[in-house]
Amino acid sequence: DRQFITREEINHSVVQQFDRLLREYIRTQAAQHGLPTVAYFADRCNLSTAYFGQVIKSETKLTAKEYINDRLLAAAKEQLNNESLTVTQVSENLGFEYPQHFVRFFKQRTGQTPREYRKIG
């Protein structure tokens, strides 16, 4: 039982570290380095990509990629609320290579384009 509790605490700390690193990456590095990858964060947590993915899935019920996409979507919504940024600028800030990819990503997850989201929001 003690081993399971210890592992659970370690897994929880990996998720916390991942979340912190991901938020920081989106805020400061995505524009220069592109979209965040699971492999990047696994490496930063000193874990294999496969094991990292298992830990994230077991703790959050989301794959690591889904978790990244959720954080990207939240950041996109936050930036779209800033009317001084164009959709293209938001796309670049988040690390999308092409604005069309950002629009597709956003619409698949929300059912509306970034411009439609702005009109409603």
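This is a predicted model: local features need pLDDT of at least 70, side-chain atom pairs count only at pLDDT 80 or more; totals for chains, interfaces and linings use all residues.
Biologist: How many helices and strands does the protein chain have?

Modeller: Helices (H or I, at least four residues) and strands (E, at least two) are DSSP runs, numbered from the N terminus. The secondary structure of this protein chain comes to eight helices and zero strands, and from the N terminus on the elements run α-α-α-α-α-α-α-α. Taken along the principal axes, the C-alpha atoms fill a box of roughly 55 × 25 × 20 Å.

Biologist: What percentage of the residues of the protein chain count as buried?

Modeller: A residue is called buried under 20% relative accessible area, exposed over 50%, and partly exposed in between, using a 1.4 Å probe and protein chains only. By that rule, 36% of the 121 residues in the protein chain count as buried.

Biologist: Which residues of the largest nonpolar core touch the most other members?

Modeller: In soluble globular proteins, nonpolar side chains tend to be buried together. A nonpolar core is a set of buried Ala, Val, Leu, Ile, Met, Phe, Trp, Tyr and Cys residues joined through side-chain atoms within 4.5 Å. The largest such core here has 32 residues, of which Phe18, Phe41, Phe52, Ile56, Leu94 and Phe102 touch the most other members. Two or more residues each come from helix H1 (2–28), helix H3 (38–44), helix H4 (49–60), helix H5 (64–80), helix H6 (87–94) and helix H7 (99–110), and H5 gives the most, with eight residues.

Biologist: Which residues does Phe41 touch?

Modeller: Contact means heavy atoms within 4.5 Å. When residues up to four places away in sequence are not counted, Phe41 touches Phe18, Leu21, Leu22, Tyr25, Pro36, Phe52 and Ile68.

Biologist: How many aromatic pairs does a search of the whole structure find?

Modeller: Rings of Phe, Tyr and Trp (its six-membered ring) pair if their centres lie within 6.5 Å, and planes under 30 degrees apart count as stacked, over 60 as edge-to-face and the rest as tilted. The search finds 10 aromatic pairs. One of these is the tilted pair of Phe18 and Tyr67, at 5.1 Å centre to centre and with 35° between the planes, and this pair links distant parts of the chain, with Phe18 in helix H1 and Tyr67 in helix H5, 49 residues apart. Phe18 counts as buried at 0% relative accessibility, and Tyr67 is buried at 10%. The rings of Phe106 and Tyr117 have their centres 5.5 Å apart and their planes at 70°, so this pair is edge-to-face. Phe18, Tyr25, Tyr40, Phe41, Phe52 and Tyr67 form one aromatic cluster.

Biologist: Which residues line the largest pocket?

Modeller: Rolling a probe the size of a water molecule over the atoms shows where empty space is left. On a 1 Å grid over the protein atoms alone, a pocket is an open set of points where a 1.4 Å probe fits, with protein on both sides within 12 Å along at least five of seven lines, and lining residues have an atom within 4 Å of a point. The largest pocket is lined by Arg23, Ile26, Arg27, Arg71, Ala74, Ala75, Glu78 and Gln79, and the largest share of this lining, five residues, comes from H5.

Biologist: Where is Asn46, the residue with a positive phi?

Modeller: Most residues other than glycine have a negative phi, and most peptide bonds are trans. Asn46, although not a glycine, has a positive phi of about 60°; Asn46 is in the loop between H3 and H4 and counts as exposed at 70% relative accessibility.

Definitions and conventions
Residues are numbered from 1 along each chain as its sequence is written. Side-chain values use heavy atoms; hydrogens and water are left out.
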